[in-house]
Every structure is written in C-alpha cells, then in structure tokens.
Amino acid sequence: MTVGPGRFRIRRAGSPGAGSASEGLVVQAVLLMAMVTTIGILVVAARVAGSRQSAASATLNNEARQAAEYGFSETVAEMNRDSKSYLWVTKFSAWNTVTERNLIACGVASTNAPSSNPTPPIPGVGSNVAVPQSSDLSYEIKDYQAPITLGTDDCESGTFGNLIGGTGEITIVGTLNRGPGSITTYTLKRTVSVKRAAPIFSNPITAIPTSRGNFNAADSRFPIFPTAPSGTRYEITCEPNSATEIKCEEDDGLLPDQVFNSETGGVNFPYKTSDPSSGYWLPSCEKKDGVIRCPINSMRLKAGTNMMVKTSDAPVEIFLFDKLDIESGSKLSGEDWSRFRIFGDSPGTSCSSPVISINSSPITPATTPITYESNLQNAFLWLKTGELKLKSRTPALTSTPGLVGSVCQNNLAGDAISSNLPNRKFFEGLGGAYNFQGVFGALTPGDPPRIRFFYRGFGFSEQSISAPP
Amino acid sequence: MAAGVISLLAPALLRQVAIGEEANRLTAVEAVVSSDLDRFKNYARIWKLKVGSYQVTDALTMTTTPYKLGGANIYDPPSDKCNEPSNSSNGLAASLLNDGQSQNPKIFMPTTQFSIGSWVNIPVDMGGVKGFNVERKVDAVGNKILISYRLLPASNPYRLNFSRNALVLVEAAAWCDRLP
C-alpha cells in the first residue's frame, strides 16, 4: 500500500507489492475505524461549538432585549408623569411640535406646557439612551401609535389620536454595541392600554382641593345639578324580613308592600321582580337616557336592614327631598358605586335639608381578616344643600367607597369626617353620571373645554418582536 | 493511525467540551436571573390590586379594601407615595418592596432576602450547574424598581462574567391621581 498526498490506493490482490487478503481487510478495518472516530469527534466538536455559539448568541440577544425592555419601562413611566401624559394621545409625528394651545383646545392636561420648539419631549426619541451601568447597552424609541379614532373627530388637525383613550403601541429598539461587527439589536413592539386619569379644571388650571369640605355645590365649575323626576315622592320604611330578605312599605299605604333580597341576585331595589322588564316598585321611578331615576321624600332603613340596589341593568339615581335614615347595623349599598347615586334635592339655600343620618355601627361580613363595612357604600352622594350626620367615627366614610360629593360644610354633625377619597373617584362618579364631555365641554362652541385630562398607560401585550441577526 | 488522529484531536475536543460546559453555566445563569426577575414583575402586577383577574389574596395585594375578582384590573395606590418625585427612593417602588419583604410565604417575591440598595447572593442551582452565586441589587426609583444582576469573574471558579439591568414598573402607578 502506498499513500499519496491526499489519497491512498489499495493494490489488487496478486499484483506486485500487494499483501495477503487478510492484511487488506485489517487495513480497511483500521481505516474505517479511524474515519468513524474522526467523524464522531468532529460531530461532537461541532455540536459543542454550536451549543456554545447558541448560548453566546442567546445571551447577546437577551441583553439587547433587556435594553429594549428597560427602555419600555422607562418610557411608560415617563409618559405617565403628569407633565408628559399628553403624549399618550399625541401622534408621534407631533411629539416635537404640539403646543400648550393645542392641549387646551382639546382638553388635554399637562402640568408643564410643552415647548413648541422641535425638541424631543422625552429621552429616547431620535437618539439612543444608554442603560445605566451598562456602557454597551442602549435603547431608542422608534415609534408610537396613539389610540386611533374611527370617525373624523380629530382635534387640532391630526395632532391627537383618540382623546378618550384606547390602545397605543410603542416600538423600541434595544442595542448591544460591543464595537464594529458586534452589534446586536432587538425590536420590541408592545401595545399599551391608555385611559383618562383624574381631570383638572382649566379655569384656572389647578388641582381640585383634596378636602370634600372645600367643594361648593354652587361653584360654577361644577356641572348643573340634575333635574329630578316629577312623579310622586314616596315615603319608604324597610325592615328585616328574614336572614336574606327585607320588607319595604310605603308609609301612606300608597303601594303594596315589597320584599327584596338583601344581596345581589333575586329581587333587588328598585325592581318589582328579578326580571328588570317587570318594572319598578315605585311607579314614579322613570328611565331616562338609560338611567333609572326615583323621587323619594324619605327612606328609613330600620336596624339590621340590608338593602342592595341593583345597578347591573341600569344606573339608579335616588332623588332625596327630605331625609334618609340608616339605622344601627343597617346598610344601603349599590352593586357598583359609580352606578348608584343619591342626589339631595331641596329648594332654597338652606343647609338643613335633606338630612342623611347614618347610625354608623360596624357591619362585619364573614371575611378573614375581619373587615368592616360602612352603612352606606357603593353610593355616589351629592347634596345640593343638606346635612350629613354620622353618629360615630367608626367606621368613617373614609374607609369605604361611600362618597360625599358636596354637602353644606357648616352643618356637618360634630362627628362627621370629611371624605379623603381621591378626587379621581369623585369625578369618576360624575363621569359615570353625566359623561364628562357633555358636562364639562365648552359652554359655547369655540370655547376650550372647561376640564382637561391627564392620561395613563398601563398593562401591555407583546405585539411582535424581532431580533435581526 | 487512529490513535494518532485521536491524539491530534483530543486537545481540541477537550477544549470544546470545556466551552460547552461554560455555555451550560451561562444558560443556567440566564435562567436563574430570568426566574428571579419574573417574581418581581409578577408582584408589581398584583401589588395594590383592588379588583383583578388573578387568584390572589388580600395578604398579597395589600389593599385597604378586600380584593375582588373581576375582569378589568383596578389598582388603589397610596396617594402619598404617588406624590413623591419621580426619582424618589421613598415612592411607590419602595413601598412595594417593603410590602414584598414582609410577605410570608413569599409567593410572588424572590425567596432570597434582599435589602434595598445592597448586593445579595442568589445561589445558582439549575440544570446540574451549581456551586456559585449571582449577585442582585434592588433599587427603588419613584414608581420603578431597578434590578441589577452581576457575576464577577473573581467571584466564581469558572471566571464567568455576567451583568444585567432591568427596570420593572409598578403597575399601580397608572392609577395615581397625580404623578409628578
């Protein structure tokens, strides 16, 4: 056998220089083993190298992705700040040019008027921002799609998207740069829910006072107090009927007695049966603009009475003219507080009527840990004039969703405590009742809206992701 | 001849095997960091969640009213923390971390203790890789949690070098009336 460069040759049996047949077999076997061994080694090496390359590539990719995610969190946090929250509804093409005048015209709030100079409003627009403590990582905001409008109600010639909110989409590119030839990028595209946050008035632009006592129902900035239904104003007294039921009667015998379930489900106030289409127990309740309005002169919930108001079918509004007494251990609550509203409606300017008396005795539902429920809860309360009496401090309205909108400050009972519920809830109640735009819109066409909104982005879902090689 | 081939390729083979082990260790480090980070992200989703779709308890949400199961998430952040400056070390993120540290058991937070602003060790024990630690530092910045991980070559026998910075948003912040 001779071995030439790059090849070898096996001589035929019987030819000069050829060995025996058995020698040829041994050579073939050795060669075969060597080949198999070599191929095996190469395969193992290739797999190991591939694994290493794959792990290294994954790490690079992860780092670039982390830079993009870092940028996403930073961007959302920045856009959620009051001074920049207008960006959530501003089209990306207008981020550098939107002005305070644009914002006022469209009811968009900002604590700092955006500059009309063409400068990026937040870092990361048009340039890379380094990730702290990582000199080779950075991110850049590539695009933002503001919530879209489906109609033609664009405000200020296409500066803004949907001013109610909706879904925005942020595109951010994370970059890992370890020098020429070693750049890894990761494109992150996420949708974010955008909602209106607490509003502020634009006349003047100040935050609403936190103390309920500072609200003055006569303040011209408030919406117009709703008009009460004109029907009979009933006088109602309710008491426990069983462990799960209450019985209500009309004091003057104008109506047949009615049994309600104490909890959601079954028959709940103001309906006659569990079927809302059966009508209302109080015939003067009327449904107008999708809201059920009931005029009531007085309502008394005797000790231990638990009245649940059904709001799931339609919001319910009680127009109270004289008094509401919630006695010890009793509870008046709506299924959803922003859909159950009590308006205290009395003529004149006196603060003596109507009177809402709450004999605040804690109600302890079977919860662990034990919590206390207020005697009036899930109710939006707005008294044009009137008096709110709390018989004790515990539990105070502050610990419940019960809400005081506007009452006469001077006539509060001694133990009454101002609600410290955030303004947001107060206005959510108003918004639920009236639709913000309708109430706080411009008084006359052409005027700017009288109320302006901050915006917030929250939650996200991955729209698409890419990691170019 | 086969022996010759093997002796020629053996060093390269051993080196490739060593590289493979390093890859395994890196993968394990990535997995440990990812798992640890997910716990922070999850807690940032449920903290101060008043109404939501997650099966959690009041003890986890730390809300002032009982947690309710519902379709759309509603949070109830403490307004005093909302009003802290955006770079405050005493804002929503700090409050979340403090609440998270008091969780028992720690369902949504890392079981490894942490103190804000300090590096702590997280043992790596995944896929047969163990025997060294990754370090983690947590900082509160307004309504953001800055989480840094590192693995210094001098701190592990394999001379691995790793670093990662992540920023986790406190979801409840979007329900603040005011965010300066």
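**The nonpolar core**

Author: Let's start with the largest nonpolar core, which has 73 residues; the ones with the most contacts inside it are A:A68, A:V89, A:V108, B:A44, B:W47, B:I145 and B:V170. Helix 1 (residues 21–80) of chain A gives this core its largest share, eight residues. There's also a second, separate core of 34 residues, with A:M299, A:L332, A:F340 and A:W382 among them.

Now zoom in on B:A44. Leaving aside residues up to four places away in sequence, B:A44 touches B:L96, B:I145, B:V168, B:L169, B:V170 and B:E171.

Keep in mind that this is a predicted model, so a word on confidence. The model scores ipTM 0.87 and pTM 0.63. Chain B averages a pLDDT of 87, and 89% of its residues score at least 70. Among the elements of chain B, strand 6 (residues 144–151) has the highest mean pLDDT, at 95, while helix 1 (residues 2–46) has the lowest, at 80.

While we're in chain B, have a look at its open sheet of three strands, in the order 2-1-3 and with mixed pairing. Strand 2 (68–69) and strand 3 (74–75) of chain B each have a single partner strand and stand at the edges, so one side of each is left without a neighbour in the sheet. Strand 1 (residues 49–52) of chain B runs antiparallel to strand 3 of chain B, and two bridges join them.

Key. Residues numbered from 1 in each chain as written. Chains lettered and ligands numbered in written order. Predicted model: local features only at pLDDT ≥ 70, side-chain atom pairs only at ≥ 80, totals over all residues. Pairing = 2+ DSSP bridges. Helix = DSSP H or I, 4+ residues; strand = E, 2+ residues; numbered from the N terminus. pLDDT = per-residue confidence, 0-100. Core = buried A, V, L, I, M, F, W, Y, C linked by C-beta atoms within 7 Å. Buried ≥ 20, exposed ≤ 12 C-beta atoms within 10 Å, placed from the backbone. Contact = placed C-beta atoms within 7 Å.
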